[in-house]
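Biologist: I would like to learn how to read a protein model. Can we take it feature by feature?

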Amino acid sequence: RHSDHPEIYSFVIDGVLFLGQGLPWPQPENTPNDDEWLDYLMINANWTRERIIKHISINNDNEEDGRTTKAVVILAHAAPEPYFAELKTIASTHAQIPIL
């Protein structure tokens with residue numbers, strides 16, 4: 001779990017990294033143009049990037065024990081930008097694993 005946002009979490013089952021994101025659709029008082037909302041989207045994106053890098057690094061360091069990240073599943077819903085633009089960047093950087 002994210003230390004400041006417990007609604008952001010991850011777990012691994014059979015080599016698949018699951019990432020739960022705290023991305024509710026913005027309410028009128030919390031619109032995508034609001035700086036706090038944009039910051040929160042970036043917290044989610046950065047945490048996603050960090051988890052993927054951590055699990056790929058663990059796999060690279062421990063290849064001999066058979067642990068591998070086979071795929072990443074992101075459990076989220078949000079306005080398309082800027083969060084999903086960040087996900088596209090993350091996915092292109094780690095093209096060796098499928099990201100759903």
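**Surface, fold and contacts**

Modeller: Start with the surface. The accessible surface of the protein comes to about 6,000 Å². Carbon and sulfur atoms hold 55% of that surface. Keep in mind that this is a predicted model.

Biologist: How many helices and strands are there in the protein?

Modeller: The protein has two helices and three strands. Along the sequence, their pattern reads β-β-α-β-α.

Biologist: What share of the 100 residues counts as buried?

Modeller: The share is 36%. A residue is called buried when its relative accessible area is under 20%.

Biologist: What about contacts? Which share of them joins residues at least 24 apart?

Modeller: First, set aside the pairs that sit close along the chain. Among contacts between residues at least 6 apart in sequence, 69% join residues at least 24 apart.

Biologist: Next, charges. How should I think about them?

Modeller: Side chains of opposite charge can pair when their charged atoms come close. In this model the count comes to one salt bridge. The side chains of arginine 49 and glutamate 86 meet in it, at 2.7 Å from N to O.

Biologist: Why does this pair tie together parts that are 37 residues apart in sequence?

Modeller: Look at where the partners sit. Arginine 49 lies in helix α1 and glutamate 86 lies in helix α2, so the pair ties together parts 37 residues apart in sequence.

Biologist: Now rings. How many aromatic pairs does a search of the whole structure find?

Modeller: The search finds two. In one, tyrosine 9 and phenylalanine 11 are stacked, 6.2 Å centre to centre, with 0 degrees between the planes. In the other, phenylalanine 11 and phenylalanine 18 have ring centres 5.0 Å apart. Their planes are at 15 degrees, so that pair is stacked. The angle decides the label: planes under 30 degrees apart count as stacked.

Biologist: Which residues form the aromatic cluster?

Modeller: Tyr9, Phe11 and Phe18 form one aromatic cluster.

Biologist: Where does phenylalanine 11 lie?

Modeller: Phenylalanine 11 lies in strand β1, residues 9-13. With a relative accessible area of 34%, phenylalanine 11 is partly exposed. Tyrosine 9 is partly exposed as well, at 26%.

Biologist: Which residues make the nonpolar surface patch?

Modeller: Phe11, Ile13 and Leu75 make it, with about 240 Å². A patch residue needs over 30% relative accessible area. Phenylalanine 11, at 34%, is over that cut-off.

Biologist: Last, the chain end. Where does leucine 100 lie?

Modeller: Leucine 100 lies in the segment after α2. Leucine 100 counts as exposed because its relative accessibility is 65%. Leaving aside neighbours within four places in sequence, leucine 100 is in contact with Val72, Val73 and Ile74.

Biologist: Is alanine 71 buried or exposed?

Modeller: Alanine 71 is buried, with a relative accessible area of 14%. Alanine 71 lies in strand β3. Beyond residues up to four places away in sequence, alanine 71 touches Gly15, Val16, Leu17 and Pro98.

Methods:
Residues are numbered from 1 along each chain as its sequence is written. This is a predicted model: local features need pLDDT of at least 70, side-chain atom pairs count only at pLDDT 80 or more; totals for chains, interfaces and linings use all residues. Side-chain values use heavy atoms; hydrogens and water are left out. Patches are made of residues with over 30% relative accessible area and no salt bridge: like charges are joined within 9 Å, nonpolar side chains (Val, Leu, Ile, Met, Phe, Trp, Tyr) within 5 Å. Accessible areas come from the Shrake-Rupley method with a 1.4 Å probe; for residues, only the protein chains shown count as cover. A salt bridge is a side-chain nitrogen of Lys or Arg within 4 Å of a carboxyl oxygen of Asp or Glu. Helices (H or I, at least four residues) and strands (E, at least two) are DSSP runs, numbered from the N terminus. Buried means under 20% relative accessible area, exposed over 50%, partly exposed in between (1.4 Å probe, protein chains only). Rings of Phe, Tyr and Trp (its six-membered ring) pair if their centres lie within 6.5 Å; planes under 30 degrees apart count as stacked, over 60 as edge-to-face and the rest as tilted. Contact means heavy atoms within 4.5 Å.
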